[in-house]
Amino acid sequence: MFRQTKSALGKLRQLSFNAQQHTWRLNSSSAKERACQYRPGQKIHGFTVREVVEVPDLFLTAVKLTHDATGAQHLHAARDDSNNLFSVQLRTTPMDSTGVPHILEHTVLCGSKKFPCRDPFFKMLNRSLSTFMNAFTASDYTMYPFSTQNRKDFQNLLSVYLDAVFFPCLREQDFWQEGWRLENKTPTDLNSPLVFKGVVFNEMKGAFSDNERVYAQHLQNKMYPDHTYAVVSGGEPLDIPDLTWEQLRRFHATHYHPSNARFFTYGDLPLEQHLEQIEAEALSKFQRIDPDTEVPPQPRWSSPREDHVTCSPDALAPDPARQDTLCVSYLLGDITDTFEGFTLGLLSSLMISGPNSPFYKALIEPKIGSDFSSVVGYDGSTKEASFSIGLQGMAKEDAERVKQIISRTLDRVIQEGFAEERIEALLHKIEIQMKHQSTNFGLSLASYIASSWNHGGDPVELLQLSDSVAKFRRALKENPRLLQDKVQHYFKDNTHRLTLTMSPDEAYLEKQAGAEEEKLQKKISALTAADRKEIYENGLALLAAQSETQDASCLPALKVSDIEPTVPVTPVQFGAAGGVPVQFCEQPTNGLVYFRAVCSLNTLPEDLRLYVPLFCSIVTKMGSGALDYRQQAQQKDLRTGGMSASPLVTNDSTQLDMYEQSVLLYSSCLDRNLPHMFELWSDIFNSPRFDDVERLRVLVMMSAQELANGISDSGHVYAMTRAARHLTPAGELNETFGGMEQVKFMKKMAETADLDRVIRMLPRIKKHILNPAHMRCAINTTPQNMSNTSAHLESFMKDVAGTWKTRKPVRANIVERPLDPLDAAGLSRKLISDLSFQPCQMKTFFQLPFPVNFVSESIRAVPFCHEDYASLGILARMMTAKFLHGEIREKGGAYGGGARMGGGLFTFYSYRDPNAVQTLSAFRRGVDWAKSGRFTQQDVDEAKLSVFSAVDSPVAPASKGIGRFLSGVTDEELQRHRERLFAVSQRSLLDVAARYLGAGHGTCGVAILGPENEAIRKDPSWIVK
Ligand SMILES: [Zn+2]
């Protein structure tokens, strides 16, 4: 639960304006109207209303308040959305790299005054219907958000969160478990060597196995060298063991105080109740203090600086000879200046986004590097923003050249400015973002305002986005050179500028390990015999505490009877356009149209399969018809909310050896742009431009780099995908499309000098995929807009009729399934039934330069419609909460781990795990635990709540009915599954544990990604890659 602000908040910024509309109520006393009745100066439960502002663009009313006695700030966003959110953020500004705010974030969740049981936070996951629960440590704040659609649940979670944040136990044992400790490698063996353990210690070692993360951290530390941004708020692994329990408690007392807190509530629940509860349960117990946590401005440099850092070599780098990163960062202004931040954000997009931007042309297309540096563009997550530009995957010798290109490109921008059309396209993008409705709007808002508000900026001003757009248009009219002047001022004339290079060092990991060993020996050499004895006893005590049966009865909980008994029905209609089946779903999409098409791969020759992901990643980016790729990108930005293609493997809901293989096309647009969007698709179908080898090379390199970078973050997904490979035919195809096999294939493609062969393959692949004869479509839009959309879809189909060709599937065993079960003669999906498939056991190990492991074991079980599926799903959840979490995270020191049911498979996994094969035996012990029946009805009910909160998580209007469109699973089948979930009993869990998970009963696969492992290397039952 640690989040580096840079990249993560950058991503959230993109998602910022997503809203959920499935709960729109058209009654007169809507939440936002009720909120309009508050008046500035009004007193409510110890708070004073400061400001009430309507924000029509986002359909909300903002109410700003302050707490009279403590000065705590509160912002309420009233909106007719039942997915209510609460968050509290504290300004946490550490002055060392011991990770004190991060370890505190973990430790406050380990028990509090009112809820003294161990780990109430994780326990609440099973006692609530929350749609989101988490905690984040950023560079300068720590945030605790949750969301739920249930009023009682909101009050329960609010109690737990308030008590955790303001009255945590902060026990010494929690500090050892979550932070760091010295302990015998085998806690029960006094003679085993002493090692460092601790959840955050391991988490940060894992986090810094990611080179992009290493670079981002160094860059921030060196750009802002004089205060809190000079340290690692998450914790530098080697500094973490310098933190004491006493320091942790002091940090809590000074930073986790209402006078240093900002509360945010969102949704349709009444504000008064929130305020009353926050005042009664927390704020009334405090007096105002001066928290003294302000971040001073960074003193400006009088001349630019250069610096260099090292990282570990990347075994998966697209080009091993080119692994350097270079980027230039510029310090900008204070982020609390909302309009300046808005303008610089736009300027940043114009400079770096898409193939029409000057830096894409100057840096990416000459192929000096594999992609932009991991830190790129505008970053407003620090008190003063920064802008960075540079490359990764470049050769050391190119450093000077890159610096010159950056400088020359800035000169050119100052001279030439930006095309008006590009500025329009960007403002269009903002309009789409504001209208697009998604399910986590409250959370997006909380993240969006967090940084500026943290430093005293006005959060409401940030939300008034169309005011900023209007102001920007006026400013640009008054001064057409506005953006050029900014480039001159902030980039060209700016002396607070850092050029940071990073290159791999063969001995990096060795040095790291050496430094850790040295630190360890220093700690050990200071120990007396009595200390050692105490360490051993503490280790045993912690183990005993972790193994104790927990009494969680102090915690509030919903009951299974609080769960809705029925599935909400999503009406869809079926029709056709130009002979192609279409599913229509009317939704309150706010004027947007969402288009999807599933294109079958059944006719694609087997030798082309591995190329499908590559094809998908380039097919909307190479240019088409009269448009070259730059013009195409421009039109996409100006007319659509994006166009994409992705491989899709869907398991059949009744048989494990049956699946659908396809490519999913997806795009959205404002209704006024419908003809343009379909025209862009027509061009791609009729005349894609597959002739530009250089363009292809750029796209391939960027995809390969992205895949390689993703492994350290998503290693568990790769391990799970691999473990499933030999268990079902769909599992095998998933590995081909999205597993380690694909990563290696793309690496090979990026290294290939001759891409002409690939260029020649693309039209062949295209003929099979972009073929209306084997396609079905789905449209989600408003009822008013449906017939217009349908007409445009019809004419799109006419336009691409020339690409229609009925082809024979390459495999004979095709099974047709109706899309509408009530109309067996109607539209259908064509699945492959691979009855000859032989599942087999396989253990695969991928040796990678990571200090931690990702472990997975997968067992062939049953398809979704099987009567045991529900029990297995509940069992997976219960094993995770009641056994695996304790074994893998608390005792094992991994960041996370558990079991899940999906794709017909029962799968165990661990994430950023110091252990490898030991974790496999933890999985086995989990099975023994389940088979022994050492669980209670309460445990079963908690697992049900947890499963239902996932099953019932909100669905955005853009995605309603899409599950059915893709998988063919109807609302009736979902209802049947729901009833089975309710019916799960202790008995049925024992029964499925014995039948499916017992040794020798199922077929299982195992995969581990991790550092060199001698035990595995010596064991011939493993395949080492
Ligand atoms: Zn964490």
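This is a predicted model: local features need pLDDT of at least 70, side-chain atom pairs count only at pLDDT 80 or more; totals for chains, interfaces and linings use all residues.

What follows is a short tour, one selection at a time.

**Stop 1: the zinc ion**

Select the zinc ion together with His102, His106 and Glu203. Which atoms hold the metal? The zinc ion is coordinated by NE2 of His102, NE2 of His106 and two OE contacts from Glu203, at 2.0 to 2.6 Å. Donors here are N, O and S atoms within 2.8 Å of the metal (3.2 Å for Na, K and Ca); water is not among the atoms, so sites may look incomplete.

Now check the angles. The four donor atoms subtend 53 to 151 degrees around the zinc ion, which makes the arrangement irregular. The cut-offs: four donors are tetrahedral if all angles lie between 85 and 135 degrees; four are square planar and six octahedral if opposite donors are over 155 degrees apart and all others between 65 and 115; anything else is irregular.

Along the chain, the donor residues follow the spacing H-x3-H-x96-E. Helices (H or I, at least four residues) and strands (E, at least two) are DSSP runs, numbered from the N terminus. Both His102 and His106 are buried, where buried means under 20% relative accessible area, exposed over 50%, and partly exposed in between (1.4 Å probe, protein chains only).

**Stop 2: strand 4**

Next, pick residues 73–78. Five of the six residues of strand 4 are buried, so the rest of the structure largely encloses it. Strand 4 pairs with strand 3 (residues 60–67) in the antiparallel sense over six bridges, and it runs parallel to strand 11 (residues 261–267), again joined by six bridges. Pairing requires at least two DSSP bridges between two strands.

For landmarks, Lys64 stands opposite Leu75, and His74 stands opposite Phe263 in strand 11. Then click Gly71, in the hairpin of strands 3 and 4: Gly71 has a positive phi near 80 degrees.

**Stop 3: Arg127**

Jump to the loop between helix 4 (120–124) and strand 6 (130–133), where you'll find Arg127. At 5% relative accessibility, Arg127 counts as buried. Its side chain reaches the backbone oxygen of Ala552 at 3.4 Å. Beyond four places in sequence, Arg127 also touches residues including Asp153, Leu555 and Glu942; contact means heavy atoms within 4.5 Å.

**Stop 4: helix 20**

Select residues 529–547. The 19 residues of helix 20 should span 27 Å at 1.5 Å a residue, and the end C-alpha atoms are 27 Å apart, which agrees. The expected span is 1.5 Å times one less than the number of residues. Among the buried residues of helix 20 are Ile535, Tyr536 and Gly539. What do they pack against? The buried residues of helix 20 meet helix 6 (172–178), strand 9 (181–184), strand 10 (194–197) and helix 29 (869–891).

**Stop 5: Pro729**

Pro729 is buried, with a relative accessible area of 3%. Its contacts outside four places in sequence are Leu656, Asp657, Tyr659, Asp834 and Phe837.

Methods: Residues are numbered from 1 along each chain as its sequence is written. Side-chain values use heavy atoms; hydrogens and water are left out. A polar contact is a pair of N or O atoms within 3.5 Å; within protein, one must be able to donate a hydrogen and the other to accept it, and residues adjacent in sequence count only if both atoms are side-chain atoms.
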